[in-house]
Protein chains: 2
Amino acid sequence: MKIAVDAMGGDNAPKAIVEGVVLAAQEFKDIEFQLYGKESAIREHLIDETNITIIHTDEKIMSEDDPVRAVRRKKDASMILAAKAVKEGKADALFSAGNTGALLAAGLLIVGRMKGIDRPGLLVTLPALGGGVNAFNMMDVGANADSKPENLNQFATLGSYYAQFVRGIQKPRVGLLNNGTEENKGNELTKQAYALLKENHEINFIGNVEARELLNGVADVVVTDGFTGNAVLKTVEGTALSMMKLVKKATMENGTKAKLGGLLLKDSLTGLKDVLDYSKHGGGVLFGLKAPVVKTHGSTEKEAVYFTIKQIREMLASNVMRDLVNYFETKADSKEEETK
Amino acid sequence: MKIAVDAMGGDNAPKAIVEGVVLAAQEFKDIEFQLYGKESAIREHLIDETNITIIHTDEKIMSEDDPVRAVRRKKDASMILAAKAVKEGKADALFSAGNTGALLAAGLLIVGRMKGIDRPGLLVTLPALGGGVNAFNMMDVGANADSKPENLNQFATLGSYYAQFVRGIQKPRVGLLNNGTEENKGNELTKQAYALLKENHEINFIGNVEARELLNGVADVVVTDGFTGNAVLKTVEGTALSMMKLVKKATMENGTKAKLGGLLLKDSLTGLKDVLDYSKHGGGVLFGLKAPVVKTHGSTEKEAVYFTIKQIREMLASNVMRDLVNYFETKADSKEEETK
């Protein structure tokens, strides 16, 4: 399998990206890496070039660039060349830690949508801290600002396939994020989406789930529109960070007793941090395109790059893309037949 | 000032409600309390009846009742009689820990909207853990499932008046919850709301704020639609609870060292819990009605009841209701003039 890597995207590029790729390349001999970016800067961090090829380019997309304009004008940017490689079949997946908007645009405009998918969505894997499961997927967390009920229905199928094929969950429980658990709850969008999800025989729909229960593992796949999903994801991050700060403050500013307590607890609280560092589950997948397009935070470190490569490898090794393409193509074809 | 209290609403009613009222009645001699509910059950928890009147009724609305149907049919329910007292001018505000949907319906159908307000919203005060402020307001957190841009604009004015008059913040910073901080970010609703907020001269609009920054005190008033606000509020609660559980687990399951650390830290971590227990800031205000209608969690304890009474007292003592009525009436009148 071949992965096209935007070596220049993200705050710590190319160092963190290249070091992460090297970590992954040492472990996964079945991957061929294509690193797009400034050759001399990339080579500084390469210790071994087995299964790694560098494709040099001087141009790159900056975090402050306007996404769509950047994709249209910076035709030789590392991210764009990597996307083109996927489009032309020279690579099977695209990885970048760069400008999120630009990556979404490159995914849509260059890699292209899967037949039968109206709008791809961004899927993340978050830690579950209860319910006997250790993670759940949420989709869409921000690829689309406005969605229609049918988009949510497609996110549900995509997310369910991901949980099943990539994470190995049998019959993933798919829940709709809503403002109450009863069937009649919701806004116009979720009420209509509920009706579609109920009739979607590809998924194991368990009904509405509330935001309060997400981290308790109430569902394996949580379906939501990109605006709400984005707000919820950022609220989880913000609240967890604030709590960690408070715990730290509690140990530092409450005298010797608390300080000693903090020292004794240090190892256990590091474990706590680990649980919240969801980069172990990989990056965000722009899902619904012809090939996996995966992003990580701009501030990503080499470990996160490694875990994301591992996630892409699992996606490519599984049948998830092939089966999804079959499913949505057949569905789209039968719709075309109907309208003839 | 007179407060009509639904003594039968909530899981711990009437005990927690009556005990909370007694606490408040001892401190605030300027309040006359009207307790609506089963007289014998209420009297069990009354130690002193100075400035407390009981209005007996056997009927009450249950948590599982359909809200609108309950309001229409249970005409003698404690919550309904309390709402009617406000409508008829026998009381200045309504407090209940009962069925939220029914309270929203009673507020709308019985107490009635402020002239010029299309949709009242639910306003809460949450703790801020940074930014030099100790709290912020968010509105709407769930009174409406779908909102229009003009509703958000009204929430902004209502929230800003609340922060200024009740919490004493000079020129409260009003932010729009959005999926990015740039002006052009957002879904259709927030983009249009942004344009209105920018032109709203009653408020100090600081632009878009992201969910990740809310607890950092990025704004004094955060404006959002009820669906997103509900999801964000529940995500804060769920994440904070999960983190507290993890901290507890870290101290309990990691051997003697961690256990000792936990013991030494206990007092400091109790402080942490306090910060997150936002009932100190009072309950949720259904804001935009002719009088304050305030709710607390169904599982509310007497302390939360006390703090909510205190909050209602601050609302009544301030000019917030009078000034809001003036502002929106004048606005509504000038609109009527225009359309004549």
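## Basis of the description

Residues are numbered from 1 along each chain as its sequence is written, chains are lettered from A and ligands numbered from 1 in the order in which they are written, and side-chain values use heavy atoms, with hydrogens and water left out. Because the model is predicted, local features need pLDDT of at least 70 and side-chain atom pairs count only at pLDDT 80 or more, while totals for chains, interfaces and linings use all residues.

Two packed helices are described by the angle between their axes and the distance between the axes. Helices (H or I, at least four residues) and strands (E, at least two) are DSSP runs, numbered from the N terminus. Axes are lines fitted to C-alpha atoms, for helices over the stretch in contact, and angles run from 0 to 180 degrees between N-to-C directions.

In chain B, the axes of helix 6 (residues 149-166) and helix 7 (residues 188-199) come within 8 Å and cross at roughly 50°. Helix 6 of chain B is therefore oblique to helix 7 of chain B; angles under 35 degrees count as roughly parallel, over 145 as roughly antiparallel, 65 to 115 as roughly perpendicular and the rest as oblique. Contact means heavy atoms within 4.5 Å. Helix 6 of chain B contributes B:Pro149, B:Glu150, B:Leu152, B:Asn153 and B:Ala156, and helix 7 of chain B contributes B:Leu189, B:Gln192, B:Ala193, B:Leu196 and B:Leu197. Seven of these residues are nonpolar, two polar and one charged (Ala, Val, Leu, Ile, Met, Phe, Trp, Tyr, Cys and Pro count as nonpolar, Asp, Glu, Lys and Arg as charged, and the others, Gly among them, as polar).

## Helix packing in chain A

In chain A, the axes of helix 4 (residues 78-87) and helix 5 come within 9 Å and cross at roughly 30°. This crossing is right-handed. The residues of the contact between helix 4 and helix 5 of chain A divide into nine nonpolar, no polar and two charged.

## Salt bridges

Side chains of opposite charge can pair when their charged atoms come close.

A:Lys115 lies in the loop between helix 5 (100-111) and strand 5 (121-127) of chain A and A:Asp333 in helix 11 (residues 320-339) of chain A, so the pair ties together parts that are 218 residues apart in sequence. A:Lys115 is partly exposed at 37% relative accessibility, and A:Asp333 is partly exposed at 33%; buried means under 20% relative accessible area, exposed over 50%, and partly exposed in between (1.4 Å probe, protein chains only).

In chain B, B:Arg43 and B:Glu39 form a salt bridge (2.8 Å, N to O). Because these residues are four apart in helix 2 (residues 39-43) of chain B, about one helical turn separates them.

## Two single residues

A:His45, in the loop between helix 2 (39-43) and strand 3 (52-56) of chain A, is buried at 19%. A:Lys245, in helix 8 (residues 226-252) of chain A, is exposed at 51%.

Key
A salt bridge is a side-chain nitrogen of Lys or Arg within 4 Å of a carboxyl oxygen of Asp or Glu. A crossing is left-handed if the near helix is turned anticlockwise from the far one by less than a right angle, and right-handed if clockwise.
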